[in-house]
Amino acid sequence: MSAELGHAALWMAAALAILQLLGGALAQRDAQAPLAALVRPAAMLQGFLAVFSFAMLLWVFAITDLSVKLVATNSHSMKPMIFKLSGAWGNHEGSMLLWVTVMALAGALIAWLEKRLPEKTMQATLASQGFVAIGFYAFLLLSSNPFERLASPVAEGNGLNPLLQDIGLAFHPPTLYMGYVGLSVAFSFAVGAMLTRQVNPEFARVMRPWVLGAWVFLTLGITAGSYWAYYELGWGGWWFWDPVENASLMPWLAATALLHSASVLAARDALRAWTIMLGVVAFSMSMLGTFLVRSGILTSVHAFAVDPERGSFILALLAIYIGGALLLFALRAGSVSEGQRFAAVSREGALVFNNVMLCSILGIVLLGTLYPLLTEAFDVRVSVGPPYFNPVGAIFTIPMLLVMAVGPLLRWREDNIERVRAPIAIVVALIVTTALLVVLASTTDVGVLPLLGLAIAVGLSVASFLPLRGRNLLRTPLSIWGMVLAHFGIAVSLFGMASESAFTEEKLVAISPGETSQIGGFAISLESVDPIAGPNWTAMEARITARRGEGAVEVLRPQSRHFFAPVQQTTESALLTRWDGQLYAVVGAPSPDGRWQLRLWWKPFVTLIWYGGLLISLGGALAIVGRLVSDIRRRRTQARDDDEREELESLRQSGAIPAGSTT
Amino acid sequence: MMRWTLWAPLLLFAFFLGLAGYQLFQPKDEFIPSTMIGRSLPEFSLEPASEARPGVTLADFKDGTPKLLNIWASWCLPCIAEAPHLEALNEAGVEIIGVAIRDKREDVDRFLATHGNPYSRIGSDEISAIQLEIGSSGVPETFVIDGNGVITHQHIGDVRADDVPELLEKLREAAE
Amino acid sequence: MRGWVTLLAASLAVPVAAQDALPPAPYAYTQLDDPAQEAKAVELMETLRCLKCQSQSIADSDAPMAGDMRHQVRTRIAAGQEPEQIRQWLIDRYGDYVSYDPRITSSTWPLFVIPLILLLIAGVLLARRVGRKSTGGPEEIFEEADS
């Protein structure tokens, strides 16, 4: 019964999305149209129904209702509850339902709370939101119904891919989806603003919390995904420039550019068309990512069954929404004047420079990701990987990071480079000293990019705090703290990446229990290897002790796991975290003579990569709070001023003009 | 701002749509073909993989008659499926030389006893060295080798009934 | 994203049925004695594609064939070959697909020309937007005025 209720709610939500679109569209002609008043309530009810539908899906997974096809193919009665629930979105249909649920929820939120924009623009925005939602409802209901029943229930489910049975991973997809969907709101605002020609600072301010929110979730999602790949895949890699990873990085790059250009628009009423364009691009990248992953167009038959039907459905949605928005852009943007020029040395000058750099990096990632698709059309197969992305991306990243160190110190409008000479000197000195120290101190050959990374990271970490100098720290607005933290997070993360690439030590050994080895200053000893059993797997677990110098003896327990539903072999790495890095241990196969393969890595400061990601997200969250608070305060003051002015006015006129006709 | 620049994003997007739409309906070909076609086998010498047959060297391919070089393994399931068709090729007078990849002698013997032995020689390639030398990326794969040890054709995947005439044709071409 | 996961998962998970029983090739999981040579080998392995798995380098894969390729790389490095020689040896057999480091060829030149064009566009965009002075816009700098 729950499955049917969920399914029915989905249909009703789809109908409401249509109502929302129609109402919003009619309101553009006639603000008094009867349907116009229904736009906001429709959006709110739609949000409720979508949430209800998703709750029903969670329920059938929780009780392992094996008459529902999705449960039978993706779940198993023996799974722990948390993975039963995460199994609800750990598959195509469920994840698309999660997508529309978050999207409908976001629509409901803006319909309920957002009162700052002209009503007409809001209606256009909600109509656009409804329009996008309709496509995804159609996709779900017509080709990927998550509530489909089996003719006869099966005795047991197929289980969930063991690699997905991981707590970090259970929350990875929802996080990324919130990011993607937050960008759909930015997209709808951009379309609404274009339709009603209301591209102005107020629009930027209304859109900005959504972009920031999406960006925070994307940052968290990418950070979590990277850490998962790092500890779960068993080879110590944290970024592979894999198409699917790139698919999550591209929306992040676009959102980063968007949130900075929205700042310029909000503060200086400039970069109007550019901001609109980025709003469209950011959501395009979300949908493109979904397309690349779901269609299997870039992956392989070895990996997953390719489904051209799903692929073509998403491609059609892409064509309609993104094609439509770009067409609208081409038609309307000409009348949105870009207007101002910027002084090269000014806050907006730096922001524009880095916006262009971010967009170029986005272009490179997009090019490298899609290029194999292009050559395949000519029957040539090529691979584009780290040796391409790293150096080519660096051409744009390095200038961007340097400008980022100085930009926040500059004044709006126009500044004098003399004024910031001292901070620039400090940062340059730090960068040069670090580079020299690393070259002199390191025994091995540190690559050019890691060297630059280390040096810039040190300079940037100091530079990111310079905007606070001369300020009363208690009275510094939260949004400034947010920026400082986020920029510092970039420096921290960069330091981790560079340090990991430059100084990682690797050791592959085959030893018997009782034997020892050495890595990164640790004395390693294999104590024993024993079979153990988990709820749905068995494993060989190694007991390894590690000791650095005269420190305490630590125990690591890496496993080689064998899952039986479905049958699969995985390696579970064991990590020993120290303030200056991580010891990473994996146990491999036994050799006939009774020795065990151990893979050991010492990765100096590797954890900073993810701590940096967390700092960036925290900075984003602070900025949201700061912006909202200052916005509410400003609007209150303005409302009070308006009231006072009105009162004065009416006093002065002393009833000469009847009330109500003053507008 | 020039007007045409506003259309550039739409044009780029349309290009992507066209490409993606086209690729979506292309049969997905995940095989990685060898680029060694037309080139000679390398100098090599493999130990016998079975009691029943001798090992393989380059010289075995240079006796003037075209042959099939079958890359297989006892642990590979499609190899069981192709066994009867290799048998059919053998009955048609084709000499098939096998290379067993990462295999054990007792497993090879058991496989041959169960599924038949169409091979004249079977070499054992424990570290995929010959496989890598000839650009083969999986098991099973079948190469047509002419009388001088030059690779003229690669068949990826198991040999099915309807592949047999094609392989015979390729062998005939290699003989010319 | 889940797709990322399934992709990696599927490429990692070697179906047990199709597993051979032999121990890995000698240098699949054994480092070279000379650290400089080993570093060279690792650097190369990280840029070679595992042909049996999707989107993984041979340095990141447990697939037997990746192990055999690592063995080839290490023994060839130990025999004094240069990394680029070994890369070329593989490209000769499998085509450009095996290398993650695209060369400039008739089919890959756009990969290198487009970034240059991007650089050019970026330059033009900046030159057009950046003048001597910031003009226009509201007199007041909204909320950021407090910064």
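Domain bounds are taken from an automatic or database domain assignment.

**Figure 1. Domains of chain A in the predicted model.** The assignment divides chain A into domain 1 (1-160), domain 2 (416-503 + 608-636) and domain 3 (505-604). Between the C-alpha centres of domain 2 of chain A and domain 3 of chain A, the separation is 36 Å.

Figure 2. Ala33(A) is classed as partly exposed because 18 C-beta neighbours fall inside 10 Å. With residues up to four places away in sequence left out, the contacts of Ala33(A) are Leu26(A) and Ala27(A). Lys79(A) is 46 residues from Ala33(A) along the chain, and the C-alpha atoms of the two residues are 53 Å apart.

**Figure 3. The largest nonpolar core.** This core comprises 231 residues, and the members that touch the most others are Val100(A), Ala186(A), Val211(A), Ala254(A), Ala255(A) and Val280(A). Helix H9 (residues 201-232) of chain A supplies the largest share of the core, with 18 residues.

**Figure 4. Contacts of Ala255(A).** Ala255(A) is one of the core residues that touch the most other members. Apart from residues up to four places away in sequence, Ala255(A) is in contact with Leu183(A), Val211(A), Ala214(A), Trp215(A), Leu218(A) and Ala282(A).

**Figure 5. Another nonpolar core, with members in chain B.**

Terms used:
Residues are numbered from 1 along each chain as its sequence is written. Chains are lettered from A and ligands numbered from 1 in the order in which they are written. This is a predicted model: local features need pLDDT of at least 70, side-chain atom pairs count only at pLDDT 80 or more; totals for chains, interfaces and linings use all residues. A residue is buried if 20 or more other C-beta atoms lie within 10 Å of its own, exposed if 12 or fewer, and partly exposed in between; C-beta atoms are placed from the backbone. Two residues are in contact if their C-beta atoms, placed from the backbone, lie within 7 Å. A nonpolar core is a set of buried Ala, Val, Leu, Ile, Met, Phe, Trp, Tyr and Cys residues joined through C-beta atoms within 7 Å. Helices (H or I, at least four residues) and strands (E, at least two) are DSSP runs, numbered from the N terminus.
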